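Hello,

Here is the structure you are taking over. Please look through it first; my notes on what was found follow below.

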Amino acid sequence: MAKTAQLTFNGQTYELPIIEGSENETAIDISELLEKTGLVTLDIGYKNTGATKSAITFLDGDHGILRYRGYGIEDLAEKSTFLEVAYLLIFGELPTTEQLKKFTRDITTHTLVHEDIKKILDGFPSTSHPMGVLASLFCAQTAFYPESLDPNRSAEGVYLSIVRSLAKMPTFAAWSYKNAVGHPVNYPDNSLDYCSRFLKMMFALPAEHYEVDPVVANALDKLLILHADHEQNCSTSTVRIVGSSKASIYSSISAGINALWGPLHGGANQEVIVMLEAIRQDGGNIEKWINKAKDKNDPFRLMGFGHRVYKNFDPRAKIIKKAADDVLNKLGINDPVLDIAMKLEEVALRDPYFIERKLYPNVDFYSGIIYRALGIPVDMFTVMFAMGRLPGWIAQWKELRENKEPIGRPRQVYVGTKSRPYVEIAKR
Ligand code: CMC
């Protein structure tokens with residue numbers, strides 16, 4: 001018999017269907033609640049609200065599990081490449097050799113961006129944060145590919161937009177950095193792989209020879225895999241809600257980039273390094289900063305700690321912590337903030353405040369340390385996150401369209417002033 005939950009209101013009992021996911025997650029289906037009972041639900045911040053049924057990413061926050069299309073993040077980070085993972089997320093299966101070859105070739109064909117996009121870039125002052133530039137350039141693609149605005153685009157047309165998105169993202173990302181430092185942009189070198197191509201566009205200078213370090217390219221590839229999707233987080237929900245209005249893939253993803261920018265979301269990786277540097281310059285007094293984080297009268301929070309869903313170790317943080325150690329060793333870098341991060345983690349994990357609230361290091365706690373070791377400047381950290389998250393946003397946008405989901409439009413409980421007569425300005 002189908003399971004139901006009962007809701008009693010005004011002396012009447014209603015049966016609400018229970019929906020079960022493939023990993024036994026259960027949800028109360030309230031899609032007919034308003035019609036049947038006159039009630040809406042209130043869940044500010046969507047702490048208990050499922051916005052969709054999705055077959056892309058499974059996350060079990062209590063047990064620290066993250067899987068893309070059923071594959072464990074640990075296996076993917078160790079054995080796969082970013083483009084393989086992108087294919088998996090977007091099309092549902094790991095690619096065969098032939099499929100991956102074609103996908104890679106298609107992406108490589110589209111790495112160049114329209115020259116006129118450079119004119120848009122030139123309009124940004126060098127004080128612009130690269131995230132704002134990235135979101136703008138990404139959205140500007142709607143102007144260069146107006147056919148992408150057609151909500152009834154063919155599957156081939158959608159594929160082309162997907163390939164263009166993945167192909168041009170590293171170019172936009174590197175150019176947003178070049179703009180910030182006032183250097184001329186580099187064009188994509190299609191003889192290189194995805195990450196090496198990005199690194200060369202980012203770091204090569206006209207007067208110097210630049211050789212991509214494979215340790216750096218491999219570490220970056222792993223970081224992108226770890227960021228590739230994370231189910232219905234703030235930026236992904238933004239992509240889905242914008243996409244639900246049948247807005248183009250480029251504008252939906254541009255909205256996701258903007259949502260990611262905030263310090264409570266993707267912007268946290270930048271804030272972690274700022275925080276660790278501040279602690280170092282303050283003499284490395286860990287206890288003092290832990291106490292600040294616990295003090296409710298102090299706005300300071302331990303950046304890179306805590307998560308809406310993980311109430312256990314974020315599995316990505318475990319992998320990144322180890323990778324940070326490896327990369328620093330291989331590159332022969334001794335970064336004092338790594339020691340501060342490890343001490344901070346150790347002290348926080350023993351502290352009742354963090355234990356009671358189940359606050360553990362999240363993906364951003366150690367990622368900034370690796371980015372720094374790879375030579376990526378702090379302002380670019382969130383751009384790196386966006387590059388990694390792109391396949392997830394694409395997959396979620398595509399799923400929403402394929403499932404023909406209705407426009408996203410939440411309800412509210414109005415708490416403002418009741419109806420009142422208008423008062424003429426002279427009488428106010
Ligand atoms: N430092 C100190 N206290 C914290 C922290 C923190 N980093 N995170 C949560 N708390 C406390 C919070 O004050 C609250 O305490 P109380 O119950 O006494 O009021 C309790 O823990 C629950 O926190 P919340 O803010 O209600 O939880 P949330 O699910 O709304 O927020 C979060 C999740 C990630 C925004 C939050 O933990 C936070 O601000 N962390 C720091 C920023 C950060 O690292 N963000 C990156 C998230 S992972 C990357 C991504 O996916 O974007």
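Leu-34 sits in helix 1, which covers residues 33-37. The model is a predicted one. Leu-34 has a relative accessible area of 37%, so this residue counts as partly exposed. Leu-34 also belongs to a nonpolar patch on the surface, together with Val-40, Leu-42, Ile-44, Val-413 and Val-415. The accessible area of these residues together is about 610 Å².

Next, the empty space inside. Rolling a probe the size of a water molecule over the atoms shows where such space is left. How many cavities of 30 Å³ or more does a search of the whole structure find? The search finds one. The volume of the largest cavity is about 30 Å³. Its lining consists of Gly-306, His-307, Tyr-310, Asn-312, Asp-314, Tyr-360, Pro-361 and Asn-362. Sorted by class, that lining has three nonpolar residues, four polar ones and one charged one.

Which residues of the lining lie nearest the centre of the second largest pocket? They are Pro-151, Arg-153, Val-158, Arg-401 and Glu-402, out of 25 lining residues. By class, the lining of the second largest pocket divides into eleven nonpolar, six polar and eight charged residues.

Regards

Definitions and conventions. Residues are numbered from 1 along each chain as its sequence is written. This is a predicted model: local features need pLDDT of at least 70, side-chain atom pairs count only at pLDDT 80 or more; totals for chains, interfaces and linings use all residues. Side-chain values use heavy atoms; hydrogens and water are left out. Patches are made of residues with over 30% relative accessible area and no salt bridge: like charges are joined within 9 Å, nonpolar side chains (Val, Leu, Ile, Met, Phe, Trp, Tyr) within 5 Å. Accessible areas come from the Shrake-Rupley method with a 1.4 Å probe; for residues, only the protein chains shown count as cover. A salt bridge is a side-chain nitrogen of Lys or Arg within 4 Å of a carboxyl oxygen of Asp or Glu. Helices (H or I, at least four residues) and strands (E, at least two) are DSSP runs, numbered from the N terminus. Buried means under 20% relative accessible area, exposed over 50%, partly exposed in between (1.4 Å probe, protein chains only). On a 1 Å grid over the protein atoms alone, a cavity is a set of points where a 1.4 Å probe fits but cannot get out, and a pocket is an open set with protein on both sides within 12 Å along at least five of seven lines; lining residues have an atom within 4 Å of a point. Grid points are joined across faces, edges and corners, and a volume is the space filled by probe spheres set on the points. Ala, Val, Leu, Ile, Met, Phe, Trp, Tyr, Cys and Pro count as nonpolar, Asp, Glu, Lys and Arg as charged, and the others, Gly among them, as polar.
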